[in-house]
Amino acid sequence: MTSVALMLSCVAALLATVVLAAFIARSRLATPAIYSLSLGISAIAFSTGLVQLSSPAADSPALVLPFGLPWLGAHFRLDPLAAFFLVVVNLGGAFASLYGLGYGRHEHAPHRVLPFFPAFLVGMNLVILSDDAFTFLLSWEFMSLASWALVMAHHRDAGNRRAGYIYIVMASFGTLALLLAFGLLAGPDGAYGFAAMRAAQHTPFTTGLVFVLLMLGAGSKAGLVPLHVWLPLAHPAAPSHVSALMSGVMTKVAVYGVIRVLFDLVGTPAWWSSLVVLLIGGGTAVLGILHALMERDLKRMLAYSTIENIGVVFVGLGLALAFKDAGMELAAALAMTAALFQVLNHSFFKSLLFFGAGAVLTQTGERDLEKLGGLIHRMPVTAFAFLVACVAISALPPFNGFASEWLVFQAILQSPDLPQWALTILVPAVGGLLALSAAVAAACFVRAFGIAFLGQPITEASAGASEADRFSLAAMAILAALCLLAGILPGIVIDALSPVTKLLVGGRMPVQTDVPWLSIVPVAESRSSYNGLLVFLFIGFSAWLSATVIHRFASRALRRAPVWDCGFPGIDATMQYTAGSFAQPARRVFGTLVFRARERVDMPPPGALIPARFELEFHDLVWEGLCLPVAGAVGFVAEKLNHLQFLTIRRYLSLVFLALVLLLLVLALWS
Amino acid sequence: MVLIHHLLVQIVQMALVVALAPLLTGFVRKVKARLLRRRGASVLQPYRDLTRLLRKEAVVAENASWLFRVAPYLIFAATWVAAAVIPTFATGLIFSWTVDLIAIIGLLGSARFFLALAGMDVGTSFGGIGASREMLIATLAEPAMLLIIFSLALIAGSTQLSTIAAFMTYPQVGLRVSLAVALIAIIMVAIAENARIPIDNPATHLELTMVHEAMVLEYSGRHLAMIELAAMLKLLLYLSMIVCIFVPWNLKGPDAGYAAYFTGFASYLVKLIVGGAMLALFETATAKMRVFRVPQFLGAALMLGLLATLLRFVSRSF
Amino acid sequence: MQGPVYFDIAHMLAGGLVLVSMMMLYQDRLYALLNVFALHSLLLTLSVAWQAFIQGAPHLYVTAAIALIFKVVVIPVALHHMIRKLGIHREIETVVGIGATMLAGIGLVALSIVVMLRVTPEADPLTREDLAFALSVLLLGLLIMVTRRNAVSQVVGFMSLENGLVLAAAGAKGMPLVVEISVAFSILIAFIVIGVFLFRIRERFDTVDVRALDDVRGRRRK
């Protein structure tokens with residue numbers, strides 16, 4: 001059995017799980033049964049993808065099944081790119097299932113989650129496996145609908161219903177754009193197979209149009225600014241393990257779509273498209289993380305941070321595009337590797353963060369940062385895993401987020417050899433945007449961890465929390481270990497990615513596992529090198545050494561005493577710094593420009609009995625400047641078209657007649 | 001044998017930075033005192049402070065978590081590892097390729113991350129205000145630093161400090177506007193990162209102006225000693241980094257003899273003395289800023305970093 | 001005389017001028033702005049004098065001297081005097097924030113570098129870069145004028161713009177002395193006119209904020 005057949009059997013097994021779930025959803029055994037099945041199948045699919053990615057003879061096995069368009073059939077293929085993304089998807093799926101084994105027990109409406117969870121996995125797997133436009137779009141829509149059903153799982157909450165509505169509108173819009181893009185690629189003959197698209201010659205105009213449509217379609221799914229508005233609403237609305245899948249994995253499927261079309265199907269896009277990708281990526285990164293820093297809902301904050309990471313990935317892709325266009329294969333491979341590495345890393349730490357947020361949510365019933373606090377004492381393991389993910393996502397060594405960010409920076413430093421002036425000047429500036437987003441991410445996650453897990457519990461709920469269940473803890477612990485492993489042994493990941501970059505940009509990075517001491521050396525040792533393993537060991541050793549020496553020779557006495565706080569008496573939990581106050585300086589610095597944030601303090605004169613008031617005005621400019629006008633315009637047009645519903649039969653017939661004549665005219669003039 | 005020699009140089013470097021860091025702080029304090037016509041404490045006073053702190057018992061707040069007790073060692077370790085690979089008297093240290101300039105900034109970022117968390121652990125408002133402001137400063141200082149690194153790396157073709165230092169000694173480098181701009185920007189960043197005047201006052205305990213001190217308010221004994229030492233180490237690190245990049249003279253290669261190392265060390269000391277004296281002079285002549293002026297200061301550093309990457313285009317290339 | 005060191009020093013001085021222009025964008029006090037402007041003019045003097053030295057063009061020394069006398073000494077001192085006499089509010093009011101202004105300034109520098117390096121690929125490198133820097137200084141001066149509400153800082157922006165012109169003239173070899181002097185005098189006359197104008201605004205509106213003028217125009221239109 002070829003690997004693609006094995007993969008499809010896994011998909012079929014997941015589909016069977018969907019059917020099973022639909023039947024037994026209300027039984028008590030349903031939750032463990034469905035999640036165990038998903039876990040097992042995802043694990044098999046993950047190993048298949050890994051084997052396919054690492055096998056030296058990656059000969060892209062293909063398979064045609066007699067579904068779909070009658071003259072076309074459903075094509076499936078497993079090349080290194082698909083194999084890599086299948087690894088990401090199924091690893092995320094396996095961890096979400098493992099987490100779901102424990103988390104699902106707290107679910108009060110399991111029949112609204114269980115059937116759709118495996119269906120969601122099916123959709124994502126099929127998107128990646130498909131090798132023709134019809135199957136791709138069908139799977140894409142399937143994935144969107146399954147995830148929409150999961151977003152609507154808790155539909156009694158008005159906020160969730162609104163999120164679901166905006167999500168379905170944006171998803172339909174995205175699919176429409178993709179449909180048009182593939183239609184352009186297929187040409188008038190309807191060559192919907194990917195192989196035919198690859199072979200065809202596309203005019204620069206088509207390529208440009210496909211690029212724009214792709215950025216609209218797949219970019220909206222990935223959460224690129226300004227099409228991101230649905231993401232921070234929809235991702236947190238779903239149950240937490242599904243949030244992890246949507247944020248950590250589904251956005252990656254969208255990235256896959258962009259890579260597949262932009263690097264594989266259209267040939268070489270014009271150089272300005274790389275500029276667009278770079279600028280949108282940099283802007284997305286900064287705007288996403290600034291939103292995250294202001295957000296006080298824990299899960300929504302994580303969703304905004306997803307937008308940031310997608311921005312980083314797109315900066316990597318934009319660089320790869322620019323270098324590929326300039327014929328700099330090595331640099332293109334470096335940038336592509338950085339982007340893919342970031343994809344993998346983000347799926348690790350974002351899943352972990354959502355799992356942690358889910359554990360906090362089930363234990364305290366709270367997502368609001370202001371109502372949490374002191375959880376490190378009640379949930380030590382969750383806190384530790386969450387801390388690891390926070391450090392990793394803030395791009396700090398020796399964890400994995402730093403390794404991929406470092407590679408992006410190294411790719412940026414290759415930019416002087418680019419032929420276009422605009423790119424050589426703008427690429428370092430985009431690098432500055434990335435550095436800014438990484439630094440803001442650190443502030444954002446210090447805030448998240450510090451407010452939620454450190455300090456003193458503010459509410460009863462957070463004071464009475466207890467540790468999460470075994471399955472959740474296992475999922476979080478393994479992911480935390482993976483974050484560390486990918487950070488200290490990045491060379492292995494880079495080498496594993498080499499077949500993908502070879503396929504996409506025609507080059508690969510130098511072999512990293514041969515470098516002594518397991519360092520990574522992207523270009524040459526005199527240029528740059530980084531060794532996460534030694535950094536980890538050195539930090540560990542130095543900390544251990546200093547602690548031991550001090551404890552042995554100086555002092556090990558320790559006394560517990562009341563809080564000092566500059567001698568200020570009567571400290572209580574409500575006097576702590578809150579999430580809002582933590583973000584206030586950043587809001588003043590960045591917010592006035594980006595969000596038009598305004599603060600107003602009304603301090604009554606001494607002796608007056610009216611309360612002091614603090615008002616904060618805050619605008620989401622994308623929402624107000626783009627989405628509301630568009631929605632208003634659509635509403636206006638719909639209102640006008642509404643009149644068409646109340647015509648006489650004769651008028652309807654004349655409309656049909658006119659349309660027919662018009663189409664015939666077009667046909668007559670066209671050819 | 002060669003390996004042992006290289007290892008020995010590396011170990012000397014690691015010991016050297018820890019040993020010199022308090023001296024540099026003591027020296028800067030002494031010069032500042034003399035400039036104010038005070039006599040000032042001895043330059044050895046920081047050593048005395050540290051040993052006294054180390055011997056005392058540590059008083060820890062009742063609701064402090066394990067993070068509070070682990071953080072000082074992690075902060076110190078991360079700063080130490082970063083400082084250990086900066087070429088002070090010798091380039092091409094055996095572990096210098098472990099971390100390049102970007103990773104050094106990353107390591108300092110890790111240290112800051114844990115420092116801010118430690119400040120928030122006990123749950124006091126001072127800890128929170130310090131952490132919040134520290135992270136705000138970092139959000140501007142870090143990108144500024146990375147842009148400076150970009151401009152250096154785009155000129156020198158490397159992010160490796162040893163290579164950059166070697167490159168800067170070439171006569172073809174000459175005087176470049178982008179390097180001058182980068183130097184100004186890096187000094188601004190260094191002042192902010194080390195909580196010096198005009199960003200923060202290392203000598204105060206005034207709640208409304210302090211950033212660094214507010215975070216470590218709850219610390220005492222050996223924990224405080226580790227954090228103080230890490231702060232001193234960071235000052236030494238930045239000063240060494242600046243002199244290594246912009247005044248890279250008399251740095252010895254990896255295979256030099258002991259006599260050469262000695263002259264390298266002597267010139268390093270001279271550079272530190274000059275740098276420390278200039279810092280003291282600058283601090284004495286400046287007044288501290290309001291906290292909300294700080295973003296403007298750092299924003300200017302960020303812009304200068306960007307300007308440095310731009311101006312590289314108008315310098316002569318070879 | 002063409003050697004790497006000569007080149008480097010000219011390059012540093014011209015680049016320093018751009019840097020000081022950026023510093024002017026950053027200032028938010030009038031006195032500080034004037035001091036920085038004096039520094040700007042001093043750098044210009046040095047730069048022009050250095051050009052005179054390496055080009056062996058003695059008439060450029062005259063230009064340098066004019067710059068030194070008028071722009072480093074006379075105009076800043078006069079403006080100081082004027083501010084004191086008018087008792088103008090010392091904080092500079094900006095139209096947009098300083099950060100955004102500086103970002104725009106960086107964009108202008110990038111623009112001028114790209115434009116100059118693209119249109120003069122075969123020129124002498126020294127001239128090319130001088131022109132790029134001069135264009136940046138000019139654009140930054142315009143930016144100062146556009147983003148400041150206070151009339152005095154607009155004057156300073158105008159003067160720094162003129163410094164950019166002189167830099168360009170000194171870099172392009174063979175600018176006749178007559179042109180230089182006439183430029184210098186026209187600037188002086190402009191300065192006097194603006195000075196008178198300032199006093200008049202002040203008398204009328206009790207402020208030198210140029211928004212007051214808009215109000216007048218608005219009233220008329222109504």
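Predicted model: local features only at pLDDT ≥ 70, side-chain atom pairs only at ≥ 80, totals over all residues.
Reader: What makes the radius of gyration of chain A agree with a compact globule?

Author: A compact globule with 671 residues would have a radius of gyration near 26 Å, and chain A has 26 Å, so the two agree. Along its principal axes, the C-alpha trace of chain A spans about 90 × 70 × 60 Å.

Reader: How do you know how much of chain A is buried?

Author: A residue counts as buried if 20 or more other C-beta atoms lie within 10 Å of its own. In chain A, 56% of the 671 residues are buried.

Reader: What are the elements and domains of chain A?

Author: Chain A holds 24 helices and 5 strands. The chain is divided into domain 1 (270-546), domain 2 (578-617) and domain 3 (626-670). The centres of domain 1 and domain 3 of chain A, taken over C-alpha atoms, are separated by 48 Å.

Reader: Which share of contacts in chain A joins residues at least 24 apart?

Author: That share is 79%, among contacts between residues at least 6 apart in sequence.

Reader: Why is Gly73(A) called partly exposed?

Author: A residue is buried at 20 or more neighbours and exposed at 12 or fewer. Gly73(A) has 17 C-beta neighbours inside 10 Å, so Gly73(A) counts as partly exposed.

Reader: Where is Gly73(A), and which residues is it in contact with?

Author: Gly73(A) sits in the loop between β1 (62-65) and β2 (74-77) of chain A. Leaving aside neighbours within four places in sequence, Gly73(A) is in contact with Val64(A), Leu65(A), Pro66(A), Phe67(A) and Gly68(A).

Reader: Why is α16(A) called largely enclosed?

Author: 13 of the 13 residues of α16(A) are buried, so the helix is largely enclosed by the rest of the structure.

Reader: How do you know what span to expect for α16(A)?

Author: The expected span is 1.5 Å times one less than the number of residues. With 13 residues, α16(A) is expected to reach 18 Å. From first C-alpha to last, α16(A) reaches 19 Å, close to that value.

Reader: What makes α7(B) mostly covered?

Author: Of the 17 residues in α7(B), 13 are buried. Just after this helix, Ala195(B) takes a positive phi of about 55 degrees.

Reader: What makes the radius of gyration of chain B agree with a compact globule?

Author: With 318 residues, such a globule would have a radius of gyration near 20 Å; chain B has 19 Å, which agrees. The C-alpha atoms of chain B fill a box of roughly 60 × 45 × 40 Å along the principal axes. Of the 318 residues, 63% count as buried.

Reader: In what order do the elements of chain B run?

Author: Chain B has 11 helices and 1 strand. From the N terminus on, the order is α-α-β-α-α-α-α-α-α-α-α-α. Residues 24 or more positions apart account for 81% of the contacts in chain B with a separation of 6 or more.

Reader: How do you know that β3(A) and β1(B) pair?

Author: Two strands pair if there are at least two bridges between them. β3(A) and β1 (residues 58-61) of chain B have 4 bridges, in the parallel sense. That meets the cut-off. Arg559(A) stands opposite Val59(B) in β1(B).

Reader: How many residues make up the contact between chains A and B?

Author: Chain A gives 69 residues and chain B gives 72 residues. On the side of chain A, α17(A) gives the most, with 14 residues. By class, that side of chain A has 45 nonpolar, 18 polar and 6 charged residues.

Reader: Which elements of chain C touch chain B?

Author: The contact takes 22 residues from chain C and 16 residues from chain B. α1 (4-26), α4 (98-119) and α5 (125-147) of chain C each supply at least two residues. The largest share, 10 residues, comes from α1(C). By class, this side of chain C has 17 nonpolar, 3 polar and 2 charged residues.

How values were computed
Residues numbered from 1 in each chain as written. Chains lettered and ligands numbered in written order. Contact = placed C-beta atoms within 7 Å. Nonpolar A, V, L, I, M, F, W, Y, C, P; charged D, E, K, R; others polar. Rg over C-alpha atoms; globule rule 2.2 N^0.38 Å. Domains from an automatic or database assignment.
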